[in-house]
Amino acid sequence: MPQNIQTFSALTDIDTKRRLLVKLKLVRHGSTKSLTTLNQFAVNVDDVVFELDLFDPIKLQIELLSTESGGGIETLLEINGIEVLPKYQYLSSSGNNYLTKKGAWQFEIPKNFYLWHHNVSGQGFIA
Amino acid sequence: MLKDSFCSSPWFHLRINYNGDFDECRWFEETQWSDGTKSNNNVATQSIMEFYNSERMCGLRNSLLNGNKPKSCETCYYEDRFDKLNGRKRQLLKSGIILNEFELTTRASPHYDNFVYSNNNQGVANHRPTDLQINLGNTCNSACIMCRPTASSRLEQEYKKLHKISPILFDPPQHTRSWTQDETTLRKVVDEITTIPGLRYIHFLGGETLYDDAFYAICEALIKSGQAKEIIIGTTTNGTLYDTRIANLIREFKEFHLGISIETVSTLNDYIRYPGKIHEIQANIDKFLQLRTQTKLYISLRITPNVFTISEIDQLFEYMIEKNVIAESCNILYKPECLRIELMPQDIRQRILLKLDALIDKYNITKKDVLNIRNENSIADVIKDVVLDYRNFIRDYTLLENTEDLRKQLVEFLKSFEQLRNNSILDHAPEYTDFLRAYGY
């Protein structure tokens, strides 16, 4: 991202494509099987990086198909260097980023990541 | 670079001064807007919306969009050099913009389209003002020694006598007639505010706001118009007042941000913030803290440490920690110059540093750099930041060039007040005895 913009007009020329660097990491405890999608892209590895558009909503879905007793999947998510999971795990469908029971789990940032982050991190009102 | 100069404030904010003149920003010095000529922008003759898209506001927006650093904003740019949480950072945050991700957060800002509109229309804004500062006037029941007659009616009276005692130190006060004393103008402003849709925040300044009828007139009009539940009110009080009218008012608003001015938790506060009594103020703080548990009241302590009160700041920080209440900002007093912290004697400076370092060790304090200091979940971190800001300032400041003259001036300043008030600084700050005697006390 250019950091030497001098005027607002120059800022309007910035391409907003592929401006969100989304790092997803699944940490498996014990033997587990799952299906993972991020914005409907199938995720086949446990440590992956996506580039999304600045205004893209984000929808992470994991279906835990099987797990051994005491096992599970820990989901870590970081966007543009900002910790999202586990920090905001309470906003996920189960309220937790550690999946231990078979079934579907979901975490969603419905729109505009930075505005979402402003709100959930308690940065006060937008004027 | 644009990130070093841009501010979103003029896209949602403006200020009404004590005399009714408009200003573009609450962080402007009241005399900073011009070269001394009288303002043509006053609430008596212009509406809020007219000023909002006036030549001055459009000019400021254009200047910021073009990457300039307007002279009137120089205080914020100066504070940027010390990485202080200043007005610019606070206002940018209200647009969802943070400096370490400036380009992306500006693009993602809900105000981005408004910036584009202004960029294409000579600075005209299509977003309404949502954040107002209203300076009501100087009606006040206190006469704090570091205040000025334009902000305290009681001090205005004292300055008439102080000027006779020491004409060099105390200018003759000019009578301050605030715009709120004109009923027609007050009614006009109230009528307009209650018709501006989407107002989010109004900050009131006095005088003593809770002692000013205009404050209640405006707030009660907002309640009547149904806007109160969507509006955050911010104001500062000297802590001498608490009654059911205030408590009931606080309950009506979406949030109420109350700054309570206090300098120490000893009788030194009585001397500085005359004639308030610290035990009464602390009792009122407890009442407000109790109200905080039942309402959306957010409380901060507003401190303005000076050459004397700085010596007890560790006790004030302990009080803040005990009460779970923050001190807002880290404003370093520089007027009146003879009360500046930098004038304290070296032995007291060393003692304060030891006490603050002990406090830092005791609570394992590290810098947190909280941006939104009015977040109830960040109180402990905000206190830590303030403690470190003051410790660093006391440790790092350099002596003023005219220190000796200012110390002599300090003694004359105190003696003048004490002649009127029949009190003595030594009854409240005895550790300064040798220091003050050395300069003629």
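**Conventions.** I worked with residues numbered from 1 along each chain as its sequence is written, and with chains lettered from A and ligands numbered from 1 in the order in which they are written. Since the model is predicted, I kept to its thresholds: local features need pLDDT of at least 70, side-chain atom pairs count only at pLDDT 80 or more, and totals for chains, interfaces and linings use all residues.

**Chain A, overall.** I looked up the secondary structure, taking helices (H or I, at least four residues) and strands (E, at least two) as DSSP runs numbered from the N terminus. Chain A holds 2 helices and 9 strands, and along the sequence they follow the pattern α-β-β-β-β-β-β-β-β-β-α. Its C-alpha atoms fill a box of roughly 60 × 30 × 20 Å along the principal axes. For burial I counted other C-beta atoms, placed from the backbone, within 10 Å of a residue's own: 20 or more is buried, 12 or fewer exposed, and in between partly exposed. Of the 127 residues of chain A, 27% count as buried. Two residues are in contact if their C-beta atoms, placed from the backbone, lie within 7 Å; among the contacts in chain A between residues at least 6 apart in sequence, 68% join residues at least 24 apart.

**Sheet in chain A.** I then followed the pairing, where two strands pair if DSSP finds at least two bridges between them. An open sheet of 4 strands runs in the order S3-S2-S5-S9 in chain A, with antiparallel pairing. Strand S3 (41-43) and strand S9 (103-109) of chain A stand at the edges with a single partner strand each, so one side of each is left without a neighbour in the sheet. Within this sheet, strand S5 (residues 58-67) of chain A pairs with S9(A) over 7 bridges in the antiparallel sense, and A:Glu63 stands opposite A:Ala104 in S9(A).

**A:Tyr88.** I placed A:Tyr88 in the loop between strand S7 (82-85) and strand S8 (98-99) of chain A. A:Tyr88 is partly exposed, because 17 other C-beta atoms lie within 10 Å. I also checked A:Tyr88 against A:His117, and found the two 29 residues apart in sequence but 9.7 Å apart in space, C-alpha to C-alpha.

**Where A meets B.** The contact takes 24 residues from chain A and 31 residues from chain B. On the side of chain A that touches chain B, the elements giving two or more residues are helix H1 (8-12) and helix H2 (113-120) of chain A, and H1(A) supplies the largest share, 4 residues.

**Chain B, helix H7.** Helix H7 (residues 153-165) of chain B has 13 residues and reaches 19 Å from its first C-alpha to its last, close to the 18 Å expected at 1.5 Å a residue (1.5 Å times one less than its number of residues). H7(B) bends by about 30 degrees at B:Tyr159, the bend being the angle between axes fitted to the seven residues ending there and the seven starting there. I noted buried residues in H7(B), including B:Leu155 and B:Leu162, and the buried residues of this helix pack against helix H16 (403-421) of chain B.

**Chain B, strand S7.** Strand S7 (residues 297-302) of chain B is mostly covered, with 5 of its 6 residues buried. Strand S6 (residues 255-261) of chain B pairs with S7(B) in the parallel sense over 6 bridges, and B:Gly259 stands opposite B:Ser300 in S7(B). S7(B) is also joined by 2 bridges to strand S8 (residues 326-327) of chain B, running parallel, and there B:Ala327 is the bridge partner of B:Leu301.
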